[in-house]
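Dear colleague,

I am passing on the structure below, together with some notes on what turned up in it. Please read them alongside the coordinates.

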Amino acid sequence: MSYIYQTCLLLSTLSGNQQCTDSEILHRYEFQEVHMGVQWRIVLYATDKPIANNASQIAFRRVKELNKVLSDYDPNSELNQLCQLSGPGKPVKVSLDLFKVLKRSQALSRETDGAFDVTISPVVRLWRRARRRKQMPDSERLQTARDLVGSQWMRLSEQNQTVELLKPGMRLDLGGIAKGYAADVALHILKAHGIDRVMIDASGDLALGDPPPGSCGWKIGISSSDAPGAKIDRYLQLKNCAVATSGDALQHVVIDGTRYSHIVNPHTGLGLTDQSRVTVITPDGMSADSLASAISVLGPEKGIALLSQKPGTACLILRHEQGELKSYESPCFSCFELPPTKP
């Protein structure tokens, strides 16, 4: 699951009515609702409130529908129904939304050498219990869960739009990609209703359209520290892209003196212990959401090498090494950054 923290969105300081190039007067509107267990926020510019209200309600309604498809917490979700019904020799026809997310997930697993893998659910469930009890998962149960992990055990048929789980007991967890996909869909809906100047904030997973009137981009503030309440000291200017941050500042457990992240390495079955934070900029929300988690697993060298193969992407990695906080960033990250302001 991808989380963003110590990162805030600083909207343009422009106020009042703004003049567009097409001479329409645009007003700023903001809407908030809780979906997928987190706070969602839509900020948009439209000609009047009824248009803004209607478009945002349709977008939020679609996000609510997607939660019923993609949630691993809801026992009646389409995802959990798939896990219950499928097995070796039992392909299950799924909705287009679920198929799209699983197809992209499988491709991302190949691209990241398994650092991102939605079949990790059996292991993640053991670690959720470990965090509650502050005890390491039982080694035998952990090994059994690890044997069920591997995107190669998820067979997809594009022709039939079916999914077959090839090992009994497999479970899927879309926590590292579902919000990004839903944000992409919501952004597409708003644009279809003629609203291009929009920002969608899915509790830190940001999907951005055209910038506010009179601005070159949405201004995003980030911190060079991962300490809670750290000062915002760096700013990005972004448009028509997505940004997400993954880290364990808010979700970790200390067991026998070792700090384990909620982010689990699919290869080892263990929570990460390097205490890192990864911020990723990509062309779409699904990529940002998933790659932030994957790069957390891969580490700076492999993570930055992976992004260098993907146009329009960049990342910033903060990582604790030998008692010090070190910063790594891809060569293109500075292209998205605003120059520091003089005190």
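A polar atom of the Glu164 side chain lies 2.6 Å from the backbone nitrogen of Gly89, where a polar contact is a pair of N or O atoms within 3.5 Å and, within protein, one must be able to donate a hydrogen and the other to accept it, with residues adjacent in sequence counting only if both atoms are side-chain atoms. This is a predicted model, in which local features need pLDDT of at least 70 and side-chain atom pairs count only at pLDDT 80 or more, whereas totals for chains, interfaces and linings use all residues. Residues are numbered from 1 along each chain as its sequence is written, and side-chain values use heavy atoms, with hydrogens and water left out.

Glu164 belongs to strand β7, residues 162–165; here strands (E, at least two residues) and helices (H or I, at least four) are DSSP runs, numbered from the N terminus. With a relative accessible area of 9%, Glu164 is buried, the classes being buried under 20% relative accessible area, exposed over 50% and partly exposed in between, with a 1.4 Å probe and protein chains only. Apart from neighbours within four places in sequence, Glu164 is in contact (heavy atoms within 4.5 Å) with Ser86, Gly87, Pro88, Gly89, Lys90, Pro91, Trp153, Met154 and Arg155.

Another buried residue is Ala130, whose relative accessible area is 3% and which is found in helix α4, residues 121–133. Setting aside neighbours within four places in sequence, Ala130 is in contact with Gln135, Pro137 and Val253. The C-alpha atoms of Ala130 and Tyr260 are separated by 9.9 Å, although these residues are 130 apart along the chain.

Two helix pairs deserve a look. Helix α1 (residues 49–70) packs with helix α6 (residues 178–192) at an angle of about 150°, their axes being 9 Å apart; axes are lines fitted to C-alpha atoms, for helices over the stretch in contact, and angles run from 0 to 180 degrees between N-to-C directions. That makes α1 roughly antiparallel to α6, since angles over 145 degrees count as roughly antiparallel, under 35 as roughly parallel, 65 to 115 as roughly perpendicular and the rest as oblique. The crossing of α1 and α6 is right-handed, meaning that the near helix is turned clockwise from the far one by less than a right angle. On the α1 side the contact includes Ala55, Ile58, Arg62 and Leu66, and on the α6 side Tyr181, Val185 and Ile189 are among the residues involved. By class, this contact of α1 with α6 has 13 nonpolar, one polar and one charged residues, with Ala, Val, Leu, Ile, Met, Phe, Trp, Tyr, Cys and Pro counted as nonpolar, Asp, Glu, Lys and Arg as charged, and the others, Gly among them, as polar.

In the second pair, the axes of α7 (residues 285–298) and α8 (residues 300–307) come within 6 Å and cross at roughly 140°, which makes α7 oblique to α8. Leu291, Ile295 and Leu298 of α7 meet Lys302, Gly303, Leu306 and Leu307 of α8, a contact whose residues divide into five nonpolar, one polar and one charged.

Finally, please check two loop residues. Gln275, in the loop between β14 (258–261) and β15 (276–282), has a positive phi of about 50° although it is not a glycine, and at 23% relative accessibility Gln275 is partly exposed. Gln322, in the loop between β16 (314–321) and β17 (324–329), likewise is not a glycine and has a positive phi of about 55°, while its relative accessibility of 84% makes Gln322 exposed.
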